[in-house]
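Have the viewer open as you read.

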Amino acid sequence: MDILAFGQKGLGSVYHNPETAMATWHAMDTFRQKGGRALMTLAGTDMKCAGAPLKMTFMLADRIRQAGTASASQIDFFAAKTAIFSVKPVADKVLELWQSLEVAPKVHYQRELIGVDMDKQTAIFRQPETGEQFSEDYDFIHIVPPMFATDVIFNNSELANEKGWLNVNAETLQHTKYPNIFGLGDINGTPRGKTAATVKKSTPVVVHNLIRVMNGQTPDMVFDGYTSCPMLVREGEAMLVEFNGKGELTTTLPLVDPLQPSYFAWYLEDVMLKPAYMTVLRGRA
Ligand SMILES: Cc1cc2nc3c(=O)[nH]c(=O)nc-3n(C[C@H](O)[C@H](O)[C@H](O)COP(=O)(O)OP(=O)(O)OC[C@H]3O[C@@H](n4cnc5c(N)ncnc54)[C@H](O)[C@@H]3O)c2cc1C
């Protein structure tokens with residue numbers, strides 16, 4: 001797909017780069033002024049920030065509400081898998097909140113996006129098990145592309161696991177075959193955790209274990225698989241969702257319920273997390 005097409009004819013995706021995210025905002029802005037049918041998609045692969053497609057759906061619904069075009073609008077959410085999020089309490093809470101929205105998104109499971117006809121504004125979905133195809137018209141579509149590790153790892157490398165991600169032990173982050181290799185970040189084939197929050201929390205574990213291996217010792221520090229996903233539910237409210245590698249909800253801050261929307265969580269995401277992410281970028285090698 002031509003990346004320059006984003007922003008035109010209702011085509012959006014925040015997954016490529018900041019420019020396509022801005023272009024997506026322009027397409028959403030055009031859409032919300034009149035309303036219509038919006039298709040929101042979810043890829044069938046492991047994903048960076050798996051909460052982002054859900055946040056986009058919440059925010060689109062909120063923009064329509066603000067613009068007063070809800071009665072002229074419909075939102076359909078197409079998930080390639082059988083769930084909208086891998087942590088069940090979070091998935092259930094999101095579905096519950098969606099039902100309370102002025103435009104409640106209708107969820108379609110096992111519908112994988114396989115093509116878009118930009119001129120006709122039609123998307124083609126496939127049922128992954130039967131191969132049956134469905135064509136859906138749209139006025140706005142948000143695309144979440146399937147995601148894979150970089151070719152060096154993905155293409156039959158001995159470093160990869162069966163899904164093509166770096167084959168590391170989820171606790172020590174040491175490669176399962178090659179003890180002198182450790183994995184950090186989205187490349188890791190761990191059950192969850194393609195987030196910057198995971199990178200930040202796991203870096204000290206990798207550094208510690210790597211130094212031990214360099215000194216002829218065994219890795220002894222364990223990563224719990226921490227992931228954080230601030231879930232925006234409307235302008236001014238969010239849930240500070242945090243969980244570990246087993247999919248159990250955790251909380252860093254006292255008195256914060258991970259499934260309770262609040263202005264506080266919105267404020268954290270909007271004002272405080274960006275400087276925190278920028279701090280992560282200041283690394284030393
Ligand atoms: C829309 C969206 C929203 C997100 N929201 C959040 C959030 O709210 N909170 C959060 O914690 N995380 C969030 N994330 C996830 C976060 O951005 C990633 O988890 C994080 O960037 C992972 O860092 P990384 O260095 O492992 O991978 P990346 O940031 O993907 O960096 C990998 C780099 O390697 C480069 N590269 C690839 N192949 C090669 C090669 N062969 N040779 C050289 N270089 C190569 C790539 O170009 C890239 O620059 C979000 C992600 C997206 C897409």
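## The first helix and how to read the model

Let's start where α1 ends: the helix is followed by G35, which has a positive phi, near 80°. Helices and strands here are DSSP runs, numbered from the N terminus (H or I, at least four residues, for helices; E, at least two, for strands). Keep in mind that this is a predicted model: local features need pLDDT of at least 70, side-chain atom pairs count only at pLDDT 80 or more, and totals for chains, interfaces and linings use all residues. Residues are numbered from 1 along each chain as its sequence is written.

α1 itself covers residues 18-34, and its 17 residues reach 25 Å from first C-alpha to last, close to the expected 24 Å (1.5 Å times one less than the number of residues). Its buried residues are T20, A23, T24, A27, M28, F31 and R32; buried means that 20 or more other C-beta atoms, placed from the backbone, lie within 10 Å of the residue's own. An α-helix has 3.6 residues a turn, so residues three or four places apart point the same way. The buried set of α1 packs against β1 (11-12), β2 (37-42), α2 (52-67) and β8 (140-142).

α2 has 16 residues and reaches 22 Å, close to the 22 Å expected. Buried here are P53, L54, M56, T57, F58, L60, A61, D62 and I64. They pack against α1, β2, β3 (74-79), α3 (88-99), β8 and β9 (227-234). After α2 comes G68, again with a positive phi, near 75°.

## Around the ligand

Which residues come nearest to the ligand? Of the 17 around it, they are C49, T150, G185, T195 and A196 (near means a C-beta atom, placed from the backbone, within 6 Å). α5 (196-214) and β9 are the elements that give two or more residues to this shell, and α5 gives the most, with three.

## Nonpolar cores

The largest nonpolar core has 54 residues, of which A38, I141, M231 and A238 touch the most other members. Such a core is a set of buried Ala, Val, Leu, Ile, Met, Phe, Trp, Tyr and Cys residues joined through C-beta atoms within 7 Å. α2 supplies the largest share, six residues. There's also a second, separate core of 11 residues, with I153, W165, F182 and V205 among them.

Notes: Buried ≥ 20, exposed ≤ 12 C-beta atoms within 10 Å, placed from the backbone. Contact = placed C-beta atoms within 7 Å.
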